[in-house]
Amino acid sequence: MTRISPGAENSSERTKKEGRKILQKFHEQPTGGHLGMNRTFERIKLYTSWQGMKEEIEEYIKHCDICQKNKITQRITKLSLQITDTPEVVLQNCSMDIVGPLTQTFEGNIYLLTFQDELSKYTMAVPIPRQDASTIPRVFVEQIILKFGIPDITY
Ligand SMILES: [Zn+2]
């Protein structure tokens, strides 16, 4: 047999309010230092516990501004570490660019085809007469591939 009395509901309301106070005290006090869900739970459990305490802590932390900000900051830091993907091998990432047209040289070159290795920042500039589909691949093969091997990525 279950009896529901208005008094019982009031007391559970009061417990919730008290629980919130305890949560706030443990989670936000300087020594509490915004610990995560499990550690906050373990710490409070040393002193007191109540029904639904774990869920309340979870809910509380979910709505704690400082914890949410920390979480986002951590995620962004992790993300940017992944994005800054520095190549580990020389000539793994090589960028190519064309500079010009410049003043014509005695040999008839008016462009500079430049290569830069992303890791070592080694840069090479080859004077070329035209920036067409036969000149660029030929220079690339002669100046880069025959000297250093095939780079992984070229753009
Ligand atoms: Zn917090």
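This is a predicted model: local features need pLDDT of at least 70, side-chain atom pairs count only at pLDDT 80 or more; totals for chains, interfaces and linings use all residues.

Reader: In what order do the elements of the chain run from the N terminus on?

Author: The order is α-α-α-α-β-β-β-α-β.

Reader: How do I read the helix H5?

Author: In general, an α-helix has 3.6 residues a turn, so residues three or four places apart point the same way. Here, H5 covers residues 135-148, and its 14 residues reach 19 Å from first C-alpha to last, close to the 20 Å expected. H5 also bends by about 35° at Val141. Just after H5 comes Gly149, with a positive phi of about 100°.

Reader: How many of the 14 residues of H5 are buried?

Author: The count is 1, so H5 is hardly covered; a residue is called buried if 20 or more other C-beta atoms lie within 10 Å of its own. For the chain of 155 residues, the buried share is 11%.

Reader: Why does Val126 count as partly exposed?

Author: Val126 counts as partly exposed because it has 17 C-beta neighbours inside 10 Å. Val126 is found in strand E3, residues 123-128.

Reader: Which residues does Val126 touch, leaving out those up to four places away in sequence?

Author: Val126 touches Leu113, Val139 and Gln143. Val126 and Val139 are 13 residues apart along the chain, and their C-alpha atoms are separated by 7.7 Å.

Technical notes: Residues are numbered from 1 along each chain as its sequence is written. Helices (H or I, at least four residues) and strands (E, at least two) are DSSP runs, numbered from the N terminus. The expected span of a helix is 1.5 Å times one less than its number of residues. The bend at a residue is the angle between axes fitted to the seven residues ending there and the seven starting there. A residue is buried if 20 or more other C-beta atoms lie within 10 Å of its own, exposed if 12 or fewer, and partly exposed in between; C-beta atoms are placed from the backbone. Two residues are in contact if their C-beta atoms, placed from the backbone, lie within 7 Å.
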